[in-house]
Amino acid sequence: MAATVASSLQLMAARPFLSFSPGVVKAGAAILCSNPKTVLWPKLTSPCNISSLNPFRHGFRSSTVKFIKVVTKAMSESNENKPVSGLPIDLKGKRAFIAGVADDNGYGWAIAKSLAAAGAEILVGTWVPALNIFETSLRRGKFDESRLLPDGSLMEITKVYPLDAIFDNLDDVPEDIKTNKRYAGSSKWTVQEVAESVKQDFRSIDILVHSLANGPEVSKPLLDTSRKGYLAALSASSYSHVSLLKHFLPLMNPGGSSISLTYIASERIIPGYGGGMSSAKAALESDTRVLAFEAGRKHKIRVNAISAGPLRSRAAKAIGFIDMMIEYSKANAPLQKELSADEVGNTAAFLASPLASAITGAVIYVDNGLNAMGIGVDSPIFKDLNIPSDKH
């Protein structure tokens, strides 16, 4: 089964160059600042979500937590030569290839937006059977609202490539896939062919994003998973990362960054996340460390993974319990709020930037802190502890 776009649980989980109106922006640069009250907001450039948490007072006394979402603004040309407060995430002149974007509401799309807001040129790889509807939706403006960047411009996708990341080259493709109507009209969609096409079109890239996963038997408990289903999950969800980096590494400029998306089921038991998907995510994280060493030594490329919390994406809704996972996270995570895709996108922009130049081989948790919890505090067992909770 072909690899599909990664969802919030990673179950599965447009053309001209960037151009902006004169006087609005050339290319964005996101700002990190330790004191948001001192920032001159008109000078800021890429989306950034800053959560403010009222400090706990008097031990475990209940308190109401209020979260404030701050979206940064684009830097206008008139301010370009002025000093900028904070640390800029400036990806101007950088080119990113995001593998696994087929709609406008998953983590892959959010990462593309954050990279674009910081100034990067965007290329995407879309699963072949979803390519036509994705390109048609882009062309007809169905994604225009979600393409909106903080400066008021629309994210531009320089080129969309057909991609099926479970096939390294054409020799790997079985005859039934070659003759499948869903693949008709598309060519050069194996990993090797896509890398060669990108090299021919653009010569090099700086950022590689793996937002792909698929588990054909994800709804089955591990004990009921077949060998074929288990190996298919590993092929689509973890080895596809190895293959992408292997074929794109020669195109990547030194100092570049590779980022993948993982999930906490790699190290915790998540009932319902079956079919070998938890094993695939564990392999993905282990590979991240090994690839960080090999790619770092050979090509000076950093390799990291983002362990993202649940998101109400189309792919996640298909599994049937995404709403339950989101409510569980809100009830038990240190930060009681629903995770936004932008927060994952902004983390990816940071990891791709020079600000993260010494970070590699890491798994960065973007899940409101749920990974740190050892117990579910919403259990009736703890009802008398008066644990702080935002019930509003």
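A nonpolar core is a set of buried Ala, Val, Leu, Ile, Met, Phe, Trp, Tyr and Cys residues joined through side-chain atoms within 4.5 Å, where buried means under 20% relative accessible area (1.4 Å probe, protein chains only). The model is predicted, so local features need pLDDT of at least 70 and side-chain atom pairs count only at pLDDT 80 or more, while totals for chains, interfaces and linings use all residues. Residues are numbered from 1 along each chain as its sequence is written, and side-chain values use heavy atoms, with hydrogens and water left out.

The largest nonpolar core has 41 residues, and those with the most contacts inside it are I98, L115, I122, F134 and I157. Helix α1 (residues 107-117) supplies the largest share of this core, eight residues; helices are DSSP runs of H or I with at least four residues, and strands are runs of E with at least two, numbered from the N terminus. Beyond its neighbours within four places in sequence, I98 is in contact (heavy atoms within 4.5 Å) with residues including G108, A112, L115 and V209. A second, separate core of 26 residues includes L123, V198, L245 and A295.

Among the buried residues of helix α6 are M277, L284, L291 and A295. The elements that cover the buried residues of α6 include α5 (227-248), β9 (252-262) and β10 (302-308). Helix α6, residues 277-299, bends by about 25 degrees at L291, the bend being the angle between axes fitted to the seven residues ending at a residue and the seven starting there. Just after α6, K300 takes a positive phi of about 60 degrees.

Notes:
Buried means under 20% relative accessible area, exposed over 50%, partly exposed in between (1.4 Å probe, protein chains only).
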